[in-house]
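Here is a short briefing on one structure.

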Amino acid sequence: MNTPIKDFTDNYAKSGIIRAHMPGHKGKFPLTEFDITEIKGADSLFEADGIIAESEKNTSEIFHSYKTLYSAGGSTLCIFTMLAMCLMNGKNRRVAAVRNCHRSFLNACVFLDAEVEWIYPEYENTLVSGKITPEAVERAIEKSSPACVYLTSPDYLGHMTEIDGIADICHKHGVMLLVDNAHGAYLNFIGEPPMHPNYHGADMCCDSAHKTLPALTGGAYLHINNPKAEKYEGYAKEIMSMFGSTSPSYLIMRSLDECADFMDTRAGKYFNEMKLAADKAKSLLSPVWHVEDTEAGKLTLFTPPCGYTGTELADILREYKIECEYADHTHIVLMLTGLSADEITYIGKVISNLPQPRIFVPTPKIKSFSPLEKAMSIREAAFSDSEEISVSDAAGRICARAVSCCPPGIAAVVGGEKFSRESINILKNYSIFKVNVVK
């Protein structure tokens, strides 16, 4: 596949030209020779009609989308853009959203003044992940008549939502379905049909290329799929420019360009081999270790039954030169995408050979989570005067801004909601002891 951004920056780096333009490093420091600005021939991300547009088209063809746009601001920029496109008529500012969303969605709601109807998943031991059904989505649509439905799949632990049924419900009611697929860009190469939301009814979705593909941090895609979304074509770039930097990184865009070549020529073979190795490692660990049923690219363990907290297990794995993606008191997550089959096999063998002390580790029971009383909008709370207090003193107070740790960036309490005793206990379980409340 041609790589127009890479080719342009390669040639520019070799040209010996005097760079009387930004950036200030002038290409004279390590790793900077390909970092340029919107010079002649380099195109412009938010007005793309040259090499960037050509590269985006290449990527769109790989993902079978109607249109794919590059982001140098991660999936966060894509999420802001998707929501703004759905709310831009100004008449309906309601969004039905599954509660275990990333805080970037909440930040977008602050700036867009969105009204959120929460869809609560069926939780199990953690607020990070939970099952969502088409019936729950339909109830939320019938209750609030939203402009769009927003869900996260895969979630942070790697659990997948069956999108097809939810998409059918959304489209029956004439509602757009937006999917945060930040952790699932590689799913375009897993399964038949592929497990990527583009193939299962998502009208728009975002991928963080850097999470599971060989792209630099901050590289992401906004996919527009539904033919009804064609009316947004003239707006998407313009809206994206409202939230993104006016100096998007050419290093990130170059990496997305090179990633397209990887996806076109090597990704299918690599991810097939990765999945085989991951399946073998998981089968080696199960059922002795509690391996969660997740997407192929994650190895997620529920640790208390084996006598560990996730954080304790993460510390042990570091002794074997293995660094995990995430760990808390109940789970540990290892991301396998990008690793070799030998590395994945090594991880499986190390864990399988660890002793299991069978010491009781208390596990919080979060089968459900009572909806919190809403006292003001997310936006109003975010821009109110606030103060930091001990979470122990927060009962009945109004949350100023979403309370979460990142990773995973999943909020237990959202801005504008009143803290309850239940939510306070949950926050303490996640070692959150200070919160900001409205004065």
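Buried means under 20% relative accessible area, exposed over 50%, and partly exposed in between, with a 1.4 Å probe and protein chains only. By that rule Ala185 is buried, because its relative accessible area is 0%. The model is predicted: local features need pLDDT of at least 70, side-chain atom pairs count only at pLDDT 80 or more, and totals for chains, interfaces and linings use all residues. Residues are numbered from 1 along each chain as its sequence is written, and side-chain values use heavy atoms, with hydrogens and water left out.

**Ala185 and its loop**
- Ala185 sits in the loop between β7 (176–180) and β8 (204–208); helices (H or I, at least four residues) and strands (E, at least two) are DSSP runs, numbered from the N terminus.
- Leaving out residues up to four places away in sequence, Ala185 touches Phe63, His196, Asp207, Ser208, Ala209, Thr212 and Leu213; contact means heavy atoms within 4.5 Å.
- Thr217 is 32 residues from Ala185 in sequence and 14 Å away in space, C-alpha to C-alpha.

**Nonpolar cores**
- A nonpolar core is a set of buried Ala, Val, Leu, Ile, Met, Phe, Trp, Tyr and Cys residues joined through side-chain atoms within 4.5 Å.
- The largest such core has 95 residues, and Phe105, Leu213, Met263 and Phe271 have the most contacts inside it.
- Helix α3 (residues 74–87) gives the most to this core, 10 residues.
- A second, separate core holds 24 residues, including Leu127, Val128, Val391 and Ala394.
- Among the contacts of Leu213, not counting residues up to four places away in sequence, are Ala185, Met263 and Phe271.

**Helix α1**
- Pro4, Ile5, Thr9, Asp10 and Tyr12 are the buried residues of α1 (residues 4–14).
- They pack against α2 (51–63), β1 (67–71) and α9 (250–265).
- Gly16 follows α1 and has a positive phi, near 75°.

**Largest pocket**
- A pocket is an open set of points on a 1 Å grid over the protein atoms alone, where a 1.4 Å probe fits, with protein on both sides within 12 Å along at least five of seven lines; lining residues have an atom within 4 Å of a point.
- The largest pocket holds about 520 Å³ of space.
- Its lining has 25 residues, and His159, Met160, Thr161, Glu162 and Asp293 lie nearest the centre.
- α10 supplies the largest share of that lining, 3 residues.

Conventions: Points joined across faces, edges and corners; volume = space filled by probe spheres on them.
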